[in-house]
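User: I have a structure open and want to talk it through. Can you take my questions as they come?

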Amino acid sequence: MNEMVTETRSVVVEREIPHPAEKIWRALTQPHLIAEWLMKNDFAPAVGHRFNLRGDWGGVLDCEVVAVEPNSMLSYTWNFTHDDPAFDLRSVVTFTLSPTSTGTLLRMEQVGFRPDQKQAYGGARAGWQGFFANLEQVLTRVD
């Protein structure tokens, strides 16, 4: 298939979290904390680092860190190889942290959902809400 697909959709989740950016950054970048709120992983916050996210559902995401700005922005590829094009996902996840008067605004954007990936898009929309809820629970336990 050599067709150029130009129309993609994004999933965006924003939440104001009553914690400093440095604390949230640790939860976004330390493998043992990532495992608590997102998935098992071998993450390292270094541009070019390739890692996997391993879901409880049995899937493995192939990822590569593309940008790191400590306490401010983190971006990595989020790719899932699947025989069915509707699930064969090539996307990028970007977290942006912005200080607020009561904590930090955390914004996550996952870009790259093709029009034929309605189920994957819907799954990501629901999934990220759950991941953020898990993240907030982790942050209440972490120093």
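User: What kind of model is it, and what pLDDT do local features need?

Analyst: It is a predicted model: local features need pLDDT of at least 70, side-chain atom pairs count only at pLDDT 80 or more, and totals for chains, interfaces and linings use all residues. Residues are numbered from 1 along each chain as its sequence is written, and side-chain values use heavy atoms, with hydrogens and water left out.

User: Sheet first. What is the strand order?

Analyst: The order is β1-β7-β6-β5-β4-β3-β2, an open sheet of 7 strands with antiparallel pairing. Strands here are DSSP runs of E, at least two residues long; helices are runs of H or I, at least four; both are numbered from the N terminus. Two strands pair if DSSP finds at least two bridges between them.

User: Which are the edge strands?

Analyst: β1 and β2 (40–41), each of which pairs on one side only.

User: How many bridges join β5 to β6?

Analyst: There are 8, and the two strands run antiparallel. Asn-79 has Arg-90 of β6 as its bridge partner. Asn-79 in β5 also stands opposite Asp-62. β4 and β5 pair over 5 bridges, again in the antiparallel sense.

User: And how many bridges between β6 and β7?

Analyst: 9 bridges, antiparallel, with β7 covering residues 103–113. These two strands form a hairpin with 2 residues between them. Thr-100 stands opposite Gly-103 in β7.

User: What does the side chain of Ser-91 make a polar contact with?

Analyst: With the side chain of Gln-110, at 3.0 Å. A polar contact is a pair of N or O atoms within 3.5 Å; within protein, one must be able to donate a hydrogen and the other to accept it, and residues adjacent in sequence count only if both atoms are side-chain atoms. Not counting residues up to four places away in sequence, Ser-91 also touches others, including Tyr-76, Trp-78 and Val-111. Contact means heavy atoms within 4.5 Å.

User: Switching to rings. How many aromatic pairs are there?

Analyst: The count comes to 9. One of them is Phe-43 with Phe-51: edge-to-face, 4.9 Å centre to centre, 90 degrees between the planes. Rings of Phe, Tyr and Trp (its six-membered ring) pair if their centres lie within 6.5 Å; planes under 30 degrees apart are stacked, over 60 edge-to-face, the rest tilted.

User: Why does Phe-51 count as buried?

Analyst: Because its relative accessibility is 3%. The ring of Phe-51 also pairs with Tyr-76: centres 5.2 Å apart and planes at 80 degrees, so that pair is edge-to-face. Phe-51 is in β3 (residues 50–54) and Tyr-76 in β5 (residues 73–80), so the pair links distant parts of the chain, 25 residues apart.

User: Which residues form the aromatic cluster?

Analyst: Trp-37, Phe-43, Phe-51, Tyr-76, Trp-78, Phe-95, Trp-128 and Phe-131 form one cluster.

User: What sits over the ring of Tyr-121?

Analyst: The charged end of Arg-9, 3.7 Å from the ring centre. The rule is NZ of Lys or CZ of Arg within 6 Å of the ring centre and within 35 degrees of the ring normal.

User: Helices now. How far does α3 reach?

Analyst: 35 Å from first C-alpha to last, over 24 residues (118–141), close to the 34 Å expected at 1.5 Å a residue. The expected span is 1.5 Å times one less than the number of residues. Its buried residues include Tyr-121, Trp-128 and Phe-131. Their cover includes β1 (9–17), α1, α2 (31–37), β5, β6 and β7.

User: Why is α1 largely enclosed?

Analyst: Because 7 of its 9 residues (21–29) are buried. Among them are Lys-23, Trp-25 and Leu-28.

User: Last one. Where is Asn-71?

Analyst: In the loop between β4 (60–69) and β5. Asn-71 has a positive phi of about 65 degrees although it is not a glycine. Its relative accessible area is 29%, so Asn-71 is partly exposed.

Definitions and conventions: Buried means under 20% relative accessible area, exposed over 50%, partly exposed in between (1.4 Å probe, protein chains only).
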